[in-house]
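Let's take a walk through this structure together. Have the sequence and the 3D view open as you read.

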Amino acid sequence: MSTCSLLGCATEDERVFQLSDYEAALPRWCPGCGDHSILSAMQRLLAAEQLKPEQTVFVSGIGCSSRFPHYMKTYGFHGLHGRALPVAEGVKLQRPDLTVFVVMGDGDCTSIGAGHWLHAIRYNMDLTALLLDNNIYGLTKNQTSPTTPQGHTSNTQPYGSYLPALDPISATLGVTNASFVAQTAEWLPSHLYATLRAAYLHQGFSFVRILQRCPVYTPDIFQLAVRDPNRIELLVHDDGVVLPDLDRTYQNQLVHDPSDLDEARRLAEPGDRLRLGVFFRDEKRPRYEDLRRLPKLMGEAKFARLNEELDKYAV
Amino acid sequence: MATGSQVQLEGVVPETRSAPPSATTHRVSQHTVEIVSDSGEGAQKCGQIFGSVSAKMGNGVWTVEIIPAEVQPPPRSAPGASGNRIRIGAQPVTNWGDASDLMIAFNEQVLLGRHQLGALAPNAIVLVDDQWKTHDDERIRAQWQAAMAELGQTGYRLIEVPLEAECLKAGDNARKGKNMFALGLLAWIYDRDLERIREEIAFAFRKKSEEVYQKNVALLELGVAWARQHLDFRFEVPPLPTPEPRLVMNGNQAIAMGAVAAGLELAAMYPITPATSVSHQLGEMCEKFGGVVHQAEDEIAAAGVAIGAGWAGKVAFTITSGTGLALKTEFLGLAVMTETPLVVVDVQRGGPSTGLPTKVEQSDLLTSLYGAPGDAPKIVLAPATIEECFHAMITARRLAETFRAVVMVLTDANLATGVQPFRRPELDPEWLGTALDLSGVPAGLQPYDWDPQTGLSKRFIPGMPGGMHTATGLAHTRASKVAYDTESNQLGMTMRSRKLAVLQSMLQPPAVHGAERGDLLVVGWGSTRGAIEEAVDRARAEGLKVSSTHLTFLSPLQPGLKQVFARFRKVMTVEINYSDDVGDPYITGESRRYGQLAWLLRAHTLVDVDCWTRVLGEPMRPGAILQTIRANVKGGAA
Ligand SMILES: Cc1ncc(C[n+]2csc(CCOP(=O)(O)OP(=O)(O)O)c2C)c(N)n1
Ligand code: SF4
Ligand SMILES: [Mg+2]
């Protein structure tokens with residue numbers, strides 16, 4: 001039976017999805033939480049791209065940010081802390097027809113799930129992976145994360161965090177077979193949207209670090225950058241993200257060709273300014289699911305083949 | 001095997017090398033052969049071919065690998081013995097037996113190693129390469145002397161064979177060909193079909209050149225000729241008629257074949273002995289079917305990938321052992337909570353920790369049942385034979401889908417490497433399951449619409465219009481909404497647990513091997529079945545009123561156990577896992593820790609189930625079980 005006869009529409013192609021078609025439960029994040037704007041940017045993107053809700057999957061880990069799938073009216077899998085990527089890989093490997101997004105927190109991705117992160121970059125499967133980076137453990141109430149700025153106090157490091165923060169962009173750019181690496185900020189909705197779109201359109205593993213405010217535990221961390229556009233430098237390029245509407249406010253702009261990996265790595269080095277934009281992009285990198293995709297034998301043909309294998313062990 | 005008796009050697013003549021002796025042929029119902037060498041000298045290949053040809057000739061066969069823990073242990077070292085033990089019989093052979101009746105050893109140190117492990121029957125015949133006796137290195141000559149002096153104290157019949165010297169007749173690298181010469185010795189002793197052996201050699205060396213094949217055949221023939229000229233004994237193990245087509249393979253190969261037959265298209269794994277060879281087998285053949293063996297970055301990821309695939313509608317399996325299972329437990333709990341179908345194969349090895357990586361144990365039973373945080377009911381089944389390894393995968397896939405459950409298949413190192421002929425399965429297209437059906441979800445249905453009676457519900461698979469929801473490891477409602485209220489959690493737990501009761505209602509009570517009532521019932525699970533039943537047969541032949549039963553399902557347990565147990569004066573499990581022995585310091589009825597199945601059965605049936613367990617890193621020997629049976633029948637409750 002066809003889908004639409006059940007749903008009462010004439011053919012699938014006639015369905016037009018509105019923003020509301022992607023909205024599920026009302027988000028339960030704190031007021032002012034940066035996750036809200038990421039959610040609405042994502043819903044806008046899905047509507048703009050007319051992604052079929054049933055063909056779209058959001059996989060997440062555990063954390064405030066990982067509640068994301070519950071608020072999308074698509075398929076979702078809200079799994080284990082740190083382990084969103086393997087689940088997403090399993091989905092994509094066996095169901096390449098699905099569009100798969102992965103939502104992770106900074107503890108989720110860069111601490112407990114760091115091993116999977118590194119390997120996911122190398123697998124380069126066609127997933128859009130979002131790191132919602134509030135520089136803190138939100139859900140468990142204010143513990144230091146690997147991305148917490150050095151010196152920032154938390155419940156676990158009340159005298160300030162001891163180590164320099166881990167930079168997810170440099171780390172990702174350092175992994176063999178990285179294919180799309182971008183950074184954006186949730187308080188710049190147009191930049192956020194354009195970056196998400198570029199990431200979604202990229203074929204391969206797109207890694208987007210989204211700087212995300214947590215007004216409850218890290219109210220100050222991004223404040224300077226939010227207030228003072230001078231602290232931000234936009235990386236612009238036709239193959240990356242170009243946003244003329246930001247030109248007036250964000251005058252620090254650097255033309256960066258995202259195919260230049262060495263330059264991308266240099267630009268990712270911590271400096272005075274936060275750099276937002278596409279650092280690197282290369283669609284020619286091998287994708288694991290393509291390398292492993294083989295014509296599947298079914299039914300009789302499969303058994304004929306299996307019988308040939310069994311013949312080798314026949315007595 | 002009814003008797004498992006040792007062979008009586010009549011007419012042993014003193015060693016003479018001058019004239020060909022006239023050999024006496026001893027007709028025996030079964031015989032156990034061992035071939036051991038340093039690793040890399042090919043004893044395993046020799047043993048495999050001998051086992052395979054014996055199976056093809058119609059003998060019952062059970063082969064076990066003798067594997068040193070290291071990849072390249074130092075040469076000529078006792079713990080470095082590498083090779084095969086092959087037990088052949090006039091009837092189906094179900095286990096490795098008690099001890100070897102005949103051994104070929106490439107040096108006296110590996111021989112000594114096997115002797116010290118009690119691997120040889122008291123009157124075993126031992127053929128050993130004599131090159132070490134006259135070796136250039138004085139230390140080696142001294143080692144030979146010492147070893148042979150020690151072995152001379154035993155009842156073995158030691159025969160020195162100029163293995164190296166003879167092999168040099170066929171080429172300059174004797175180290176590479178001794179195994180084929182040894183195969184020639186065995187071929188003559190057991191009167192094996194040489195044509196079949198040549199076929200096996202051709203198959204084994206198919207990727208190499210014709211020249212390699214010819215050389216190996218020449219060595220084989222040298223071995224046959226030498227044996228004919230010098231040995232005064234032969235053994236005849238009559239073949240059994242085999243009307244039906246059979247296959248011969250090990251348990252891991254059977255798991256791999258079963259996985260394909262079951263329609264499982266993705267195996268996600270991380271290498272760990274002794275599970276890895278399943279993925280080697282699949283790796284070689286899987287792609288021909290369009291399947292994927294995904295070597296993940298670790299065991300956790302492997303479980304996650306399999307769960308992702310299963311949730312997306314393509315049930316997958318992950319395969320592991322020991323410490324790898326420990327790593328997966330968090331994900332197993334998630335699969336249970338989200339009711340995502342998943343098959344997990346655990347090829348058990350010795351634990352805890354890294355334990356005994358290459359050796360058998362049955363010590364993951366309780367971990368399989370309870371080794372996840374919270375209450376996570378899973379289906380656990382344990383094949384007992386190589387044939388059952390194949391079929392377990394088909395059952396597992398079907399149960400995983402029908403019950404939206406995690407199905408654990410527990411095998412072990414004994415099944416993984418044991419080779420046994422079994423009935424060739426007639427492939428049934430229904431095993432493959434149904435193709436992915438992504439029809440829309442009728443309005444009003446929910447992703448966890450548990451049937452209030454059975455707890456069963458229909459899966460919503462990505463791609464099904466109208467089925468959008470988010471699966472979650474958090475407590476949830478029928479609509480898959482996160483719920484922290486009291487009622488929802490209680491309901492979810494009840495429904496997930498109910499499924500096991502439903503499955504139990506569909507199972508049969510286990511069959512009893514032997515009489516339906518008696519003095520002692522031995523209960524086993526997994527790979528020990530052959531050894532237990534052989535021991536029971538031998539005990540019954542002695543007049544003891546003992547029977548056994550073997551459990552395939554460990555969770556849920558098969559029904560009717562209490563009634564079966566009630567017909568015996570005593571019930572005792574035999575297991576390869578640890579339990580305290582009453583009478584040891586501090587060990588009383590109260591402090592004693594029981595074997596894992598005994599623990600489970602005691603809780604489940606309230607019967608005072610005893611246990612006898614050993615963790616020797618080797619399969620159970622029927623003779624050892626027999627002794628335990630005797631002690632427990634004659635002595636009453638131990
Ligand atoms: C195995 C495991 N360890 C610890 C936790 C507890 N835990 C839940 S969320 C979290 C950290 C959340 O921080 P982050 O990933 O940055 O997400 P955020 O809440 O900030 O969005 C931790 C430690 C857990 N759920 N599972
Ligand atoms: S604690 Fe912080 S990250 Fe979590 S919901 Fe509240 S504002 Fe957002
Ligand atoms: Mg965080």
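Here is a short tour of a ligand site, a domain contact and a strand with its partners.

## First things first

Keep in mind that this is a predicted model.

## Around ligand 1

Start with ligand 1, which has 17 residues around it. The ones that come nearest are A:Gly63, A:Ser65, A:Gly105, A:Gly107 and A:Gly138.

Two elements of chain A, α4 (106-112) and β5 (136-137), each bring at least two residues to this shell. α4(A) gives the most, with three residues. Sort the shell by class and you get six nonpolar, nine polar and two charged residues.

## Domains in chain B

Now hop over to chain B. Its domain assignment lists domain 1 (24-236), domain 2 (247-428), domain 3 (440-506) and domain 4 (512-634).

Look at where domain 2 of chain B meets domain 4 of chain B: 21 residues of domain 2 are in contact with 20 residues of domain 4. On the domain 2 side, the elements giving two or more residues are α12 (365-370), β14 (379-381), β15 (406-412) and α14 (413-417) of chain B. That side has 12 nonpolar, five polar and four charged residues.

Next, find strand β10 (residues 266-269) of chain B. B:Leu266 and B:Ala268 point one way, B:Ala267 and B:Met269 point the other way, and all are buried.

β10(B) pairs in the parallel sense with strand β11 (residues 292-295) of chain B over four bridges, and B:Ala268 stands opposite B:His294 there.

Key:
Residues numbered from 1 in each chain as written. Chains lettered and ligands numbered in written order. Predicted model: local features only at pLDDT ≥ 70, side-chain atom pairs only at ≥ 80, totals over all residues. Near = placed C-beta within 6 Å. Nonpolar A, V, L, I, M, F, W, Y, C, P; charged D, E, K, R; others polar. Domains from an automatic or database assignment. Contact = placed C-beta atoms within 7 Å. Buried ≥ 20, exposed ≤ 12 C-beta atoms within 10 Å, placed from the backbone. Pairing = 2+ DSSP bridges.
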